Structure formats: C-alpha cells, structure tokens
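Here is a short tour of a few local features, meant to be read with the structure open beside you. Please have a look at the sequence and the fold before reading on.

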Amino acid sequence: MNHVLYIEDNEEIGLMIQNELKKQNYEVTWLQSGDISSQFIKQTDIVILDVMLPGLDGFTVGKKLKKLAPDVPILMLSARTALEDKIMGLEFADDYVTKPFHPEELLARLEVLLRRFSRKKEELIVKHLHISMIDYRVMNRETSEEISLTGKQFHIFTYFLQHLNQILTKEQIYEGVWKERYIEGDKTLMVHIRYLREKLEKNAAKPEIIETIRGIGYRVKQ
C-alpha cells in the first residue's frame, strides 16, 4: 500500500481527495499546513502539495521536502494558472495540477509518478557503485567489474539502501535483517560490516560508503 502525504488547508477539498485516495487503497496522512511535514517524508511514497498554505507556502515546503527525500515524487496543486507559478513549482516538483481538477485526473497522475519513481528506485548510484535491485547486482562503475556479495551481505546492504542518508543503530540493522532481538555485545553485525567494506569500499580503512557514526551505528549516504 502506497503512502500519500497530502498537504492541503481547504477542508472541503481535503476531505474529498482523502476519501478518493482511500477508496483506491492509498494510505493517507493529511496535514493542513507544511510545518511538520518533514516528520513524515521518510515514510512517504508520494506527496500531494497545495501551493496556498498557512505559514510556509507550498513552494517553500516542497523545496524542503525534495531536499530531504529526492526520490519521493511531489505533485503540486494550485489555483494559480500563471506560467511563472508553474515554472517555479516545476523547479522541484514532478508534476503540477491546476484547480479545479477532477479526482480521476489526480489519481491518474499519481499512478504515473509512482510507476516512474518505482523504476528509478530499482537502479541506484552510490559513490562508485551501481546497484541493481532487480537482479541483485552491484557493479563498480569505475572498473565495470561486478562485486560479488553473499546473500546476507546483500541483505544488509539493501537495508542500508532502504534507509539512505539515515543514521541507523546496530539494534535497528540487526533486528531489521536477522529478524531477531539484538543482544548487546554481539559482534555478528560488525564482522559482516567489515567484510562488506572490504568488497565495496575503495579503501576499507577509510570507508566512504558505510560510515561509522561513533557511539550510534552506521549510515550510507548517497
């Protein structure tokens, strides 16, 4: 089930669109301002964002959300029809719909964006690595050589990729991959990280892909 972050201050329109989305089996978080929207962006598959909002306007909110989550598509809604407004919106948004609109048009555009971005997520570039989530391959882009990972190593790396740019604790990673409770002092994850770095990093002694966040855990930055 895809999660929609819907930011709209008009209650009548908001209720209508929320109901239409739920009928199509979308999970919806509806906010009436963009003030706390960044708290939800990491759990979101797509954003529907109105331009005219109380407090921060939609352009400001959209730019902030796109910076936090570049791979999450943003669909702008606006009563403004001026070309300048559309151009400003499309500097960061992935589609722009002017009001009034028919709910079916909105749903069709959502589906197009989700298909486009799901394909993008199947292929990832991280530093010198090209990762294909379709056939479970990791390539060194500089040498064109394939990097052979064990099933568990790929599972751990995939977990990082699903949480790109986030700091993850050892407990989170272990329990997310092994589906078992983490026991303090267990060195299993640390050993696997060491082997992963030996295969993925240019210099395992100075890792640039799997970063150690001292006292917390690890992070993979794109």
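In this predicted model, a polar atom of the Thr44 side chain lies 2.7 Å from the backbone oxygen of Phe40. Thr44 sits in the loop between β2 (27–31) and β3 (46–50). Is Thr44 buried or exposed? Its relative accessibility is 5%, and because buried means under 20%, Thr44 counts as buried. Leaving aside residues up to four places away in sequence, Thr44 touches His3, Leu5 and Val72.

Next, the helices. Two packed helices are described by the angle between their axes and the distance between the axes. For α6 and α7, the axes come within 10 Å and cross at roughly 85°, so the two helices are roughly perpendicular to each other. On the α6 side, the residues that meet α7 are Lys170, Ile173, Tyr174 and Trp178; on the α7 side, Thr188, Leu189 and His192 take part. By class, this contact has four nonpolar, two polar and one charged residues.

For finding your way around, here are the residue ranges of the elements in the last two parts.

| Element | Residues |
|---|---|
| Helix α6 | residues 170–178 |
| Helix α7 | residues 188–200 |

Definitions and conventions:
Residues numbered from 1 in each chain as written. Predicted model: local features only at pLDDT ≥ 70, side-chain atom pairs only at ≥ 80, totals over all residues. Heavy atoms only, no water. Axes fitted to C-alpha atoms, helices over the stretch in contact; angles between N-to-C directions. Helix = DSSP H or I, 4+ residues; strand = E, 2+ residues; numbered from the N terminus. Parallel < 35°, antiparallel > 145°, perpendicular 65-115°, else oblique. Contact = heavy atoms within 4.5 Å. Nonpolar A, V, L, I, M, F, W, Y, C, P; charged D, E, K, R; others polar. Buried < 20%, exposed > 50% of the residue type's maximum accessible area, 1.4 Å probe, protein only. Polar contact = N/O pair within 3.5 Å; in protein donor to acceptor, adjacent residues only side chain to side chain.
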